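Keep the sequence and the 3D view open as you read.

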Amino acid sequence: LVAVCVYRTSESRNLNHIPSVGSFGPLGSYWTAIKSLTNSPKIVQEGYNKYKAAAFKIPNLGHWVVVLNRDHVDDIIRASDKELSFHAAIDDYVRPVYTFGRQIIDDAYHYSIMKSQLTHNLSAVVPDVADEIVAALDETLDLTENEWKCVPVLKTVEKVVCRAGNRAFVGYPLCRDSDWIELNMQLTNAIIKEGFILSLFPKFMLPLAARFATKTTNRVKHGARHLSPIITERLKRMEEYGEKWNDKPDDFLQWCLDEGKETSADLLAARMLAINFAATHTTSNTFAQTLYCLAANPQYIQPLREEVQTIVGKDGWTKEALAKLRKVESFLKEAQRFEGNASLGIKRRALKDITLSDGTFVPKGTYICVASHAIHHDPRIYEDPDTFDPYRYMKLQEKQGDSSRYQLVAVNPESLMFGIGKAVCPGRFFAAMMLKLMFAHIILSYDLKLGDISYSASVGIGPAIVANSSAKVMLRRRSDE
Ligand code: HEM
């Protein structure tokens, strides 16, 4: 604690030239930091309104965070990893070397597989993922004919997302194994908790602390027990047939094996867990928020259904059909903008002194973030930003004739849901595909509405905005299909 206090005071002196938000005085910043745990969007909005385009700083429990605005985003895009680092910022929250394993961080070759094979093979992957979504929803909802059922949105969606994602990551039938799915669904909370405990220790104590505070080895061994027979079988086939054979699996595990870098079940299990960590929680949150927005705005169900019926009825569940679902896409992007996933997004740490284009000096070691949620709700950027307008992006596309700028996967200083710059989400094309498939299938096959109690779609936990785990919706199998 003494070390943290000394660090914070000296850090605060280095950032004296940047104005602060919240309470002042020696203990005031701690009070603001505590309030930020539940009230971060409001505190960030206060700074955003007060300082307009300028940077400001807010305290959190361990250090200060410099909050940047839309006009600074180009500085982040231009900065190299040696100047502003995503991984150095994340390191402090997640301690990935200890929670995922060193080899995953030292050689993150799965990032390039996400950008290449996963993204370029979407046409091949769509039918399988669609099949998994249909089966997972059917089993998870377990509806009796024509009866309404009240379901917890996030919990239901998590299972469907995890199965759908794993159909593309490890293939069928492991994607339906309840033990594998449970392991991957619990992963995010476990890693965030372990990362938090480790963040309380100084770096030199981490190897020792990690032994007691993490369950990484158990998790990896657990995953490896599932993967080991599959890997053995696939390696046998690769030896027998070489690079190609009939019914060769088209999934992430196989692309990793094709890379030829690792064949051990432990290493590949650690990698699959890391992929699930990045994919499952983020996509489930976004989808749970979207579904709740739809239940709260049922007047949009019929026009969306007509769009899906017309397009999918003609083209089937294909990548091309998904690209034509303009209302569906616009709804998903608007839900992402409206609800959001972070009051403070685009976390980076300055590894060198840098000066931003407006002259703001950011000393080495400083944590920076962007006021993502406030930008997404800025009336100078979005007309009537606090109204949920599901066709907003479709109308912008029609008005401005720029189809790529308003796509679900598009990133720019006004659309920061998938991050931006060097660390922009490499899984966003796959995520968008899953989101569209799940949303379109639900619209087509189910009726939904709010129950008696209405919930907020999202809640703030520190700088993160997550789907409200208490929120429920009513679902019924459609009878007039
Ligand atoms: C709706 C779903 C998703 C959302 C909202 C989302 C959002 C994000 C965000 C905000 C970042 C940080 C970017 C930055 O700070 O600039 C990120 C990074 C990342 N995402 Fe996603 N993501 C989603 C789905 C996925 C999926 C499905 C995968 C994998 C298949 C994935 C893999 C990753 C990885 C590996 C990174 C780290 C990138 C790096 O270290 O350079 N994400 N994502």
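## Ground rules

Helices (H or I, at least four residues) and strands (E, at least two) are DSSP runs, numbered from the N terminus. Residues are numbered from 1 along each chain as its sequence is written. The model is predicted: local features need pLDDT of at least 70, side-chain atom pairs count only at pLDDT 80 or more, and totals for chains, interfaces and linings use all residues.

## Ligand shell

The ligand is surrounded by 25 residues, and A278, A279, G419, C425 and G427 are the closest. Two or more shell residues come from each of α7 (109-120), α14 (265-296), β5 (345-350) and α20 (428-445). The top contributor is α14, with six residues.

By type, the shell holds 16 nonpolar residues, eight polar and one charged. Here Ala, Val, Leu, Ile, Met, Phe, Trp, Tyr, Cys and Pro count as nonpolar; Asp, Glu, Lys and Arg are charged; the others, Gly among them, are polar.

## Nonpolar cores

A residue is buried if 20 or more other C-beta atoms lie within 10 Å of its own, exposed if 12 or fewer, and partly exposed in between; C-beta atoms are placed from the backbone. A nonpolar core joins buried Ala, Val, Leu, Ile, Met, Phe, Trp, Tyr and Cys residues through C-beta atoms within 7 Å. The largest such core has 85 residues, and V129, V153, L291 and M434 have the most contacts inside it. Helix α14 gives this core its largest share, 17 residues. A second, separate core has 35 residues, including V65, L84, A89 and C369.

Contact means C-beta atoms, placed from the backbone, within 7 Å. Leaving out residues up to four places away in sequence, M434 touches V129, V161, A164, G165 and T283.

The expected span is 1.5 Å times one less than the number of residues. Buried residues of α2 include A33, P41, I43 and V44. Their cover includes β1 (56-59), β2 (64-68) and α18 (372-376). After α2 comes K52, with a positive phi near 50°.

Helix α17 (residues 326-339) agrees with expectation: its 14 residues should span 20 Å, and its end C-alpha atoms are 20 Å apart. Because 13 of the 14 residues are buried, α17 is largely enclosed by the rest of the structure. Just after α17, G340 has a positive phi of about 80°.

## Backbone exceptions

Most residues other than glycine have a negative phi, and most peptide bonds are trans. D142 is not a glycine, yet its phi is positive, about 45°. It sits in the loop between α8 (122-141) and β4 (149-152). D142 counts as exposed, because it has 9 C-beta neighbours inside 10 Å.

I346 also has a positive phi, about 50°, and is not a glycine. I346 is in strand β5. With 25 C-beta neighbours inside 10 Å, I346 counts as buried.

The peptide bond from Y172 to P173 is cis, with omega near 5°. P173 lies in the loop between α9 (153-169) and α10 (178-199).

Conventions
A residue is near a molecule or strand if its C-beta atom, placed from the backbone, lies within 6 Å of it. Two residues are in contact if their C-beta atoms, placed from the backbone, lie within 7 Å.
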